[in-house]
Amino acid sequence: MAHAPTSHAFPENARAALDDPILQRALGNLKRGFPVKRAEVVADLPEFELLRDVARDIKNHTLAHLDAYLEIYEANVVKSGGHVHWARNAEEACETVMAICREAGAKTVTKGKSMVAEEIGLNAYLDDRGIDRVETDLGEYIIQLRDEPPSHIIVPAVHVTKEQIGETFRAAHDGLDPRRGLSESRDITDEARGQLREKYFAAEVGITGANFLIAESGSSVIVTNEGNGDLTQTLAKVHIVVASLEKMIPTMEDALAVLRLLARSSTGQEFSVYTTVSNGPRRSEDLDGPDAYHVVLVDNGRTAMLGTENQDMLRCIRCAACMNHCPVYGAVGGHAYGWVYPGPMGAVLTPSLIGVEGSAHLPHASTFCGRCEQVCPMKIPLTKMMRHYRERSYQNGHGGSIARNALGLWSYFASRPRLYAPMARIASWMLRCLSRDRGVLRWLPFATAWTRYRDFPTPQGGTFMSAYRRGDLE
Amino acid sequence: MSANDPSGSRKPPIKVGLFVTCLVDLFRPSVGFAAIKLLESAGCVVEVPEAQTCCGQPAFNSGDRRSARSIARGFLDAFEGCDYVVAPSGSCAAMLSRHLPKLFDDDPALQHRARHLAARSHELTSFLVDILGFSGISARFAGAVAYHDSCSGLRDLGVKSQPRSMLSKVEGLELKELQEAETCCGFGGTFCVKYPDISNAMADKKLSDIESSGVSTVLAGDLGCLLNMAGKASREGSSIEFRHVAEILAGDGSRPAIGRTR
């Protein structure tokens, strides 16, 4: 089933997430996991900061010459016997994939984890057309069975507990012995592996995403920790790579530089367990590999970001460091963001891809604490870009009228020091009167969003400026 | 005494414009007086420009660039002629030093002035330690204390060791580290009223971290964060007290803590 975006309902989604004790437990585990491991491996690599600059420069260079690199890439894929398909938008991309599946006579399609596939709605598209789609990434497999969208771009089922996974498997897997334990991670992976093995062999088509598309060789590179990508792409007769344009990188050497950052930033590993390079269909001397190799290059809004203040976002390598370290993501999880990309990177990418109208909340839902930028391996100026979206929505008149009026009133006085000083004195006096010198207010009109959860500390008395003018240096 | 003691130096004293910040002006004047005491003890001549109001950060972060610009324009006039601009707040200092010039992209003359001001603007404790090499005045405060790193000061300005090194010299003060000293308290300016549920969840986690650290007082360099944490602690009936770091460094730790009357 297709999952329609619910980004417009971010506050309601967030409320529900905060009230969900199971989710809250899962988010607590996430916070104690990846950031700690990341800090350890980053500390072990003295050139990490230098590598961030190198990686940023590589991507900036690639984006500046993206048209040229895409053409070089295409020529090299064709040279090794593959096919390149250009898709301007989600619909074209899905149609292209489906057409290849039809041509291959596919009934079963295995699929590795791919965020761009989520973005273009490929899963629902294939399901609706009768394809038996099997997700081979464990997390994706779990949420496929539960008919849920991913809540994280690296660990899509991070919101699901082990107990829930056990229940899901019992409901979905016929003939599963009810006495069989499914409480440990090992049991869960064994059970999933057993189910998936035969699908790998049955599948006519295997679909993967790509972490990098390498121009000089026409290669695509994916990283996984489960090895499911290798099985998906080598065992099926047809391998389809679905990748967005900005996955392009000039050389293998460039890719290796960025790979040194990817796993460290993401899961806190030095390197992912599997880094798999595919170069086209099986050659006569190869032991295995697909008979046909297709790459579907998806634009879906990327070229519109080039040359704009949003271009920096195209450097993103989907490592998830930003969301792993984000206190807002950590409080509400990924589903609250309402679309494929959650957390800080989603707060920038979602408005760029689906429009700011349906996602106006996301760039506002940040305290600008800056932790995302601090850990972003590609040095994407996330808060600056969120602020840019805030400016756009302010210009378009979005945002509550009370908030706008309050801010307008504040700005009016703050621009007029002669009016501001007496107003500040009056405000201080009024707040103190209201609190009857108790130090805090339990309730304050026009500030109920504050006093719902917090007391409002009242002023000490007077303003600094008036006391200073009187000369009462204390 | 300070390394920059004017009596020991032939250079004219450093003229510092104190930007007291709108929150200190309204909620906690004692922080402004503490800042003056510290700056003067470090050998500075402190001026408090009368025409100051706010740095414009609420408007800037809400996307209201025009208001931010108009407030910033007034700020440039108010602080013209000071050698340095110093604020007892990391986020206001970061607004001045990192963002102000961007507001005048289309006006080279104003942008030049904004850049000049940005280069001279500092957060209080980092100014004292990094620029003046000042190690503090004799101060006393009894109790176990934690310092919360406010986000802008920490990440935009690198304020981390400076307040701690000064606090380590305060007599009777036992400095402890929070497990999550660098995690946002959930204030975030207008964020705390735009997304109160999430802000509250973050404040709640912050308070739990504080409670489990065994301190009786939490210090920070930003009044916004302090009001948020103190307000949350008060609502939850916690006995933890919240104070601005400048007050403790200036030996002014006996007045009622934020949101307290005794």
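In the predicted model, Ala14(A), Arg15(A) and Leu18(A) of helix 1 in chain A meet Asp197(B), Ile198(B) and Ala201(B) of helix 11 in chain B. Sorted by class, the residues of this helix-to-helix contact comprise 4 nonpolar and 2 charged residues, with no polar ones.

The contact between the two chains takes in 54 residues from chain A and 58 residues from chain B. On the side of chain A that touches chain B, at least two residues each come from helix 1, helix 15 (327-332), helix 18 (382-395), helix 19 (401-414), helix 20 (417-435), helix 21 (448-451), strand 12 (456-457) and helix 22 (464-470). By class, this side of chain A holds 31 nonpolar, 13 polar and 10 charged residues.

Chain A itself contains 22 helices and 12 strands. Along the principal axes, its C-alpha atoms fill a box of roughly 90 × 60 × 45 Å. Of the 474 residues in chain A, 49% are buried. Contacts within chain A were also sorted by separation in sequence: among those between residues at least 6 apart, 74% join residues at least 24 apart.

Terms used: Residues numbered from 1 in each chain as written. Chains lettered and ligands numbered in written order. Predicted model: local features only at pLDDT ≥ 70, side-chain atom pairs only at ≥ 80, totals over all residues. Contact = placed C-beta atoms within 7 Å. Helix = DSSP H or I, 4+ residues; strand = E, 2+ residues; numbered from the N terminus. Nonpolar A, V, L, I, M, F, W, Y, C, P; charged D, E, K, R; others polar. Buried ≥ 20, exposed ≤ 12 C-beta atoms within 10 Å, placed from the backbone.
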